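Morning, everyone. Please look at the model on the screen while I talk. I'll go from the whole chain down to single residues.

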Amino acid sequence: MTRNEVTELVVTQKLAKQLSWAQLAEAIGLSKEWTTAALLGQMTLNAEQAAIIGALLELPPAAIAQLQVVPYKGSLPSAVPTDPLIYRFYELVNVYGTTFKALIHEEFGDGIMSAIDFSMDLQREPDPKGDRVKIVMSGKFLPYKSY
């Protein structure tokens, strides 16, 4: 099985079993954000985590094995995403990217925010004008080194 086939099977089985991403995350003791990324093919599960997910979703051994392989990261099919929700993140970076960069550099100096030493929390935020999506991202600052 390819990693893409495993991802499709995970999504199909999740729907068939009527499980949420949060329930799958709870089963392996990790955040819903990281677990969802892993099950959509962007992170690597260890053997114990893969076995638990495999049992919950009734995955074949080949799929369980594939969940433990370091994936090729980057799941978008094109440079500019066409999915409306994902495009809004692209738009957000286009509009606010230079602001993020300027403020991070002013506060921390010349460097980057890690997407490796990283965490994220996504919550529904009730609002009388329509519920809001609240995303908190936290990445380690990594300064550029002089040599």
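Take contacts in the protein chain between residues at least 6 apart in sequence: 52% of them join residues at least 24 apart. Contact here means heavy atoms within 4.5 Å. A word on the source: this is a predicted model, where local features need pLDDT of at least 70, side-chain atom pairs count only at pLDDT 80 or more, and totals for chains, interfaces and linings use all residues. Residues are numbered from 1 along each chain as its sequence is written, and side-chain values use heavy atoms, with hydrogens and water left out.

Now the overall layout. The protein chain has 6 helices and 2 strands. Helices (H or I, at least four residues) and strands (E, at least two) are DSSP runs, numbered from the N terminus. Along the sequence the pattern reads α-α-α-α-α-α-β-β. The C-alpha atoms fill a box of roughly 50 × 50 × 30 Å along the principal axes.

Next, what is covered? Of the 147 residues, 22% count as buried. Buried means under 20% relative accessible area, exposed over 50%, and partly exposed in between, with a 1.4 Å probe and protein chains only.

Let's go inside. The largest nonpolar core has 15 residues. Such a core is a set of buried Ala, Val, Leu, Ile, Met, Phe, Trp, Tyr and Cys residues joined through side-chain atoms within 4.5 Å. Which members touch the most others? They are L39, L45, I53, L57, L59 and L67. Helices α1, α2, α3, α4 and α5 each supply at least two residues of this core. α4 gives the most, with 3 residues. Look at L59. Not counting residues up to four places away in sequence, L59 touches L9, V10, Q13, I53, G54, I64 and L67.

On to the loops. Q42 is in the loop between α3 (32-39) and α4. Is Q42 buried or exposed? Buried, at 16% relative accessibility. Leaving aside neighbours within four places in sequence, Q42 contacts A37, P71, Y72, K73, G74 and S75.

Two other loop residues deserve a look. Most residues other than glycine have a negative phi. Q18 has a positive one, near 55 degrees. Q18 lies in the loop between α1 (3-16) and α2 (21-28), and is exposed at 71% relative accessible area. E58 also has a positive phi, near 55 degrees. E58 is in the loop between α4 (47-57) and α5 (61-66), and is exposed at 56%.

Now the rings. There are 2 aromatic pairs. Rings of Phe, Tyr and Trp (its six-membered ring) pair if their centres lie within 6.5 Å; planes under 30 degrees apart count as stacked, over 60 as edge-to-face and the rest as tilted. Y87 and Y90 form a tilted pair, 5.7 Å centre to centre, with 40 degrees between the planes. Both lie in helix α6 (residues 84-108), 3 residues apart, about one turn of the helix. Y87 is partly exposed at 29%, and Y90 is partly exposed at 30%.

The other pair is F108 and F141. Their centres are 5.0 Å apart and their planes meet at 20 degrees, so the pair is stacked. This pair links distant parts of the chain: F108 is in helix α6, F141 in strand β2 (residues 132-143), 33 residues apart. F108 is exposed at 52%, whereas F141 is buried at 18%.
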